[in-house]
Amino acid sequence: MKALFRKELLDVLRDRRTLFSMIVVPLVAFPAIIGGASFFAKRGITKIQSETLRIFVPAQGIPEEVRQLLEEANLQLVPLNTLPDTLTASVPAALIREGNRYRILYDGASEKGQEARRRIREVLQKHKEIVIRRQLEDLGVPPEILSPLQVQEENLASKERMGGMVVGMFLGYILVIFMFTSAMYAAMDLTVGEKERRTLEVLLSAAPYRRNVVMAKISVVTLVAVVTSIILVIGWILSMLYMGAGLFGEEIPGGMTLGLSAQQGLLSFLVLLPFAVFVASVEVAIASFARSYREAQSYLSPLMILVILPAMVTLMPGGSDLGWWKSLVPVLNVSDIFRQILQDRLSMLSYGLTLGSSLLYAAVALGIAVFLFQREEILFRE
Amino acid sequence: MTVPTEGVVVQDLKKYFLDRKRGLVKAVDGVSFEARPGEIFALLGPNGAGKTTCLRVIATVLKPTAGQVFVQGWNVTQHPDQVRRVLGFHPGDAGVYHRLTPYEMVTVFAELAGHDRREAQKKAWEIFDQLGLTEVAKTPMGKLSTGQRQKSAIARIMVVDPPVWVLDEPALGLDVPTTQEVEQAILDAKQRGRTVILSTHTMEQAEYLADRIAVMDRGTIQAMGTMEDLRRSTHKTRLREIFLSLIKLEAPAP
Ligand SMILES: Nc1ncnc2c1ncn2[C@@H]1O[C@H](COP(=O)(O)OP(=O)(O)OP(=O)(O)O)[C@@H](O)[C@H]1O
Ligand SMILES: [Mg+2]
């Protein structure tokens, strides 16, 4: 068994596709996603917010005070005599007055139009307050009546939990998919790969027990999946340390910290392990049925969708409100438990159900894979 | 009956495949022979005769549909694990790991056969020396020539040196000097008392190496014996003529 394991490890660790999907992809995934997101978020928002926008305003009818406020809000007024039919890309909004009614016309399909509308609304709000304040003064009422109560918000959630909320949404989802992908390449390499190169016959005639041959293969594929997940987490930590503040800095004072305590890590690892065995067994079983790489890929790629769908549930708003049965659905249970652990609101019931069902699925999948691998109709199909 | 505890015994072996297009394929249909220690037994036959299938069953890669096969006294169906411990199989053309070096493959398979790693490593270098593989011993086999790969595959069996050698077309695609080296290794094994069963398409090789020859066609053995036996029964002298006459018996010209 040791020699078998060594052989499979030597072999698969030189497969470029496996190495790439096990090390390179998970390591750069989070830095790329977060770097990209914060870059575009920052650039897009600051750019539009600091930009001078042009709006149409009739030559007459708008009080001077409003005009001034508009200009202070970085809006450039383009005089116009008749009502425009359409707004242009360079002038995405217009302000018209009909008696006491102000109408804001804007291009809701453009970001500039939205931004111009926001600024105009703020200006009109200010103008309204000034008008009310003036009228109250005329009546001799103190202006404090305008703000009878004050509202102050404080976010008491720890940095860890804020971080966990964001991480939990994505990490479970991405983890599941990445583990599946790297394990897929390893599984194909060690099964159809051997068939295509005709080394499988040598292996089967040399290793006394066929059961050990599959077990060694599944162990190595499991290892690949686990390493993938560890590297993914390392990539996440690195990107949080160096780029997290850039993305969340404003909302989360002091920047993000990665709230992965030793306990959380251990709890995650305990469910990750049977899940990796499950994925490895399923993929080895399917790949050893195929006659060629091509065929294996055409079986395993659709399976990917079956995996993505349940994992995606954790990304949805109501995803955490499903009943206890969600802890029994393969893939869904694991990506959901990661979310629970990272968001620090783990329910012991769902953890128990998830761990139990994951172990069960792993055992069943392993059993089926071992059984199929011993059948020559599966291994030597013409 | 008593089964000899050495060599290979094949009794009325049948191997059928269920093929989607062709229906039931009788790849091997009632084959019996024995190969004894210190003997080289050659299977000859046209393409599709069933040689590879026969060797795969002996090597426990495939299970027999009917009949019995014993290797060193072990039944391949009941004790495949024991059979695998006493047999080395070479599956023809490829059968080498492209990303492993000859050195890695040879030592891993020696370990699989239960050999001590240190000793296997030492022996590997001696054998590489003998086969002229020393220079490429640490180069991935994907980068080696056909001959170097074939020799690595033979080296894999030589290091383990099991009592039974099963070789499917061991000289496939080899030049004359390389063929000579591989053939010498096979003759050496015979000298050491190993049982060797091989298949080949070269009449010359069969004549040069084999103590006994079986000519197969369409899953059955048409004739079997020493060269002398075959000459006597077919009244022909050259193996090529003998071979063709035996094949023609079964396959009328279209
Ligand atoms: N797994 C399989 N499924 C279906 N048919 C098979 C299978 N393996 C072999 N056959 C068929 O069995 C027959 C014998 O094949 P085999 O490979 O044993 O011939 P061979 O004598 O080794 O031929 P060659 O000289 O070409 O190597 C062929 O008709 C082949 O198509
Ligand atoms: Mg053949």
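Predicted model: local features only at pLDDT ≥ 70, side-chain atom pairs only at ≥ 80, totals over all residues.
Residues are numbered from 1 along each chain as its sequence is written, chains are lettered from A and ligands numbered from 1 in the order in which they are written, and side-chain values use heavy atoms, with hydrogens and water left out.

Lining residues, which have an atom within 4 Å of a point, include A:Pro274, A:Phe275, A:Phe278, A:Val334 and A:Tyr361 for the second largest cavity. Helices α9, α11 and α12 (348–373) of chain A each supply at least two residues of this lining, helices being DSSP runs of H or I with at least four residues and strands runs of E with at least two, numbered from the N terminus. The largest share, 3 residues, comes from α9(A).

The axes of α9 (residues 262–289) and α11 (residues 332–342) of chain A come within 10 Å and cross at roughly 175 degrees, which makes α9(A) roughly antiparallel to α11(A), a description applied to angles over 145 degrees. Axes are lines fitted to C-alpha atoms, for helices over the stretch in contact, and angles run from 0 to 180 degrees between N-to-C directions. Across this contact (heavy atoms within 4.5 Å), residues of α9(A) including A:Leu267, A:Val271 and A:Phe275 meet residues of α11(A), among them A:Val334, A:Ile337 and A:Ile341.

The largest cavity, with a volume of about 150 Å³, is lined by 15 residues, of which A:Ala206, B:Leu87, B:Gly88, B:Ala113 and B:Val160 lie nearest its centre. At least two lining residues each are supplied by α7 (200–206) of chain A and by α2 (80–85), β6 (87–90), α3 (102–112) and α5 (146–160) of chain B.

In chain B, an open sheet of 6 strands has the order β6-β7-β8-β3-β9-β10, with mixed pairing, two strands being paired if DSSP finds at least two bridges between them. Strand β6(B) runs parallel to β7 (residues 164–168) of chain B, to which 4 bridges join it, and B:His90 stands opposite B:Leu167 in β7(B).

Key
Parallel < 35°, antiparallel > 145°, perpendicular 65-115°, else oblique. 1 Å grid on protein atoms, 1.4 Å probe; cavity = no way out; pocket = protein on both sides within 12 Å on 5 of 7 lines; lining within 4 Å. Points joined across faces, edges and corners; volume = space filled by probe spheres on them.
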